[in-house]
Amino acid sequence: MVKGVRRYYHRRVVLVGGTGAGMLEDVDPGLAVDGFAALAADQLHIWEGSLDRPAPEIRRLRALLASDELARAERFRFERDRARYIAGRGQLRLLLGHYLRRPPREVHFEYGDHEKPFVADPGLWFNLSHSGPVAIFAVTSIGEVGIDVELDDAGFASERIAEYFFSSGEVATLRGLPAELQARAFLTCWTRKEAFIKARGDGLSLALDDFDVTLAPGQPVALTRTAWSGSEPKEWSLSDLSNTEAGYIAAVAMRRTRPFELRRGTLRTTDHETLSEQEKL
Ligand SMILES: CC(C)(COP(=O)(O)OP(=O)(O)OC[C@H]1O[C@@H](n2cnc3c(N)ncnc32)[C@H](O)[C@@H]1OP(=O)(O)O)[C@@H](O)C(=O)NCCC(=O)NCCS
């Protein structure tokens, strides 16, 4: 390999993942996404990533952010929260740059009434959620999408906050379950409701008891009722993305009019500089 090329490769951070054919996109000098070849018209792509990245990667991801994102990063009180925010936005930009075939720095975010970020480019919807060190991203050209992840934290789930947040039907289903299943079912319900709210971009303006989702183990994953429309539940698909080995519960909601394929990939960085040092040993 030519020396200069070798150095170039050693300095890049590569995000790899997915089950599709591998592809290396030179979206940015030093950072790249390697994953699903393209977003087919009938696909929803889900990426899981970590927000706890080594400091050199955080520096590279920080260099992708826009001035408003940098200003927001500065407002975090704790360094760990700042680094996680940078890692989330940086990876989001890498992914969107990959799909839009544009340098990540040139991805321009706009914001809805309740702060939901979107891109003006037609036909691309995305959403992001994070909990502790875990981040998950949804990208699709099918329709509005919302995603939510929560660490599988039984302490949080066991408090009686379902009675405050959920509809009476959801609370009745939850409390009818064996006690040992209720913590997980609580988070299942929470993430499904949150994914739906996030897909619509309504934020807290949507009354949480104005719609129902399923939550019991074995029940089909679905939005079953909205108070404002008898037909709306049929327009939405809800999918469970929980990964108990990785310690999280998650769901994605998408407005769709046709069948679709959900594909999942894991983002991980390979710092070739580090790798080549290890290879030398
Ligand atoms: C802000 C909100 C969208 C989600 O908040 P959250 O669960 O704390 O955060 P998540 O990690 O899931 O999502 C945050 C990301 O969603 C995106 N987002 C922000 N506002 C959004 C909105 N109105 N709609 C959709 N996505 C939004 C952003 O990308 C944000 O991350 P970033 O700013 O780091 O880029 C909103 O729904 C909220 O405040 N919910 C309150 C929680 C609640 O009462 N839930 C009840 C469920 S039963």
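## Where the ligand sits

Let's start with the ligand. Domain 1 (1–143 + 258–281) and domain 2 (146–255) both give residues to the shell around the ligand, so the ligand lies between them. Keep in mind that this is a predicted model.

## Who surrounds it

The shell is made up of 23 residues. Among them, the closest to the ligand are His114, Lys116, Ser129, Lys193 and Lys198. Sorted by class, the shell holds eight nonpolar residues, eight polar ones and seven charged ones.

The top contributor is α8, which gives five residues.

A pair of packed helices is described by two things: the angle between the axes and the distance between the axes.

Take α2 (residues 55–62) to begin with. Its axis and that of α4 come within 9 Å and cross at roughly 55°. That angle makes α2 oblique to α4, and the crossing of the two is left-handed. On the α2 side, the contact involves Ile58, Leu61 and Arg62. On the α4 side, Ala83, Ile86, Ala87, Gly90 and Gln91 take part. Taken by class, the residues of this contact are five nonpolar, two polar and one charged.

## How α3 meets α4

Now for α3 (residues 67–75). The axes of α3 and α4 are 8 Å apart, and the helices pack at an angle of about 155°. Angles over 145 degrees count as roughly antiparallel, and α3 and α4 are therefore roughly antiparallel to each other. The crossing of α3 with α4 is right-handed.

Here α3 brings Glu69, Arg72 and Ala73 to the contact, while α4 brings Arg82, Tyr85, Ile86 and Arg89. What classes do these residues fall into? The contact of α3 with α4 has three nonpolar residues, no polar ones and four charged ones.

Key. Residues are numbered from 1 along each chain as its sequence is written. This is a predicted model: local features need pLDDT of at least 70, side-chain atom pairs count only at pLDDT 80 or more; totals for chains, interfaces and linings use all residues. A residue is near a molecule or strand if its C-beta atom, placed from the backbone, lies within 6 Å of it. Helices (H or I, at least four residues) and strands (E, at least two) are DSSP runs, numbered from the N terminus. Ala, Val, Leu, Ile, Met, Phe, Trp, Tyr, Cys and Pro count as nonpolar, Asp, Glu, Lys and Arg as charged, and the others, Gly among them, as polar. Domain bounds come from an automatic or database domain assignment. Axes are lines fitted to C-alpha atoms, for helices over the stretch in contact, and angles run from 0 to 180 degrees between N-to-C directions. Angles under 35 degrees count as roughly parallel, over 145 as roughly antiparallel, 65 to 115 as roughly perpendicular and the rest as oblique. A crossing is left-handed if the near helix is turned anticlockwise from the far one by less than a right angle, and right-handed if clockwise. Two residues are in contact if their C-beta atoms, placed from the backbone, lie within 7 Å.
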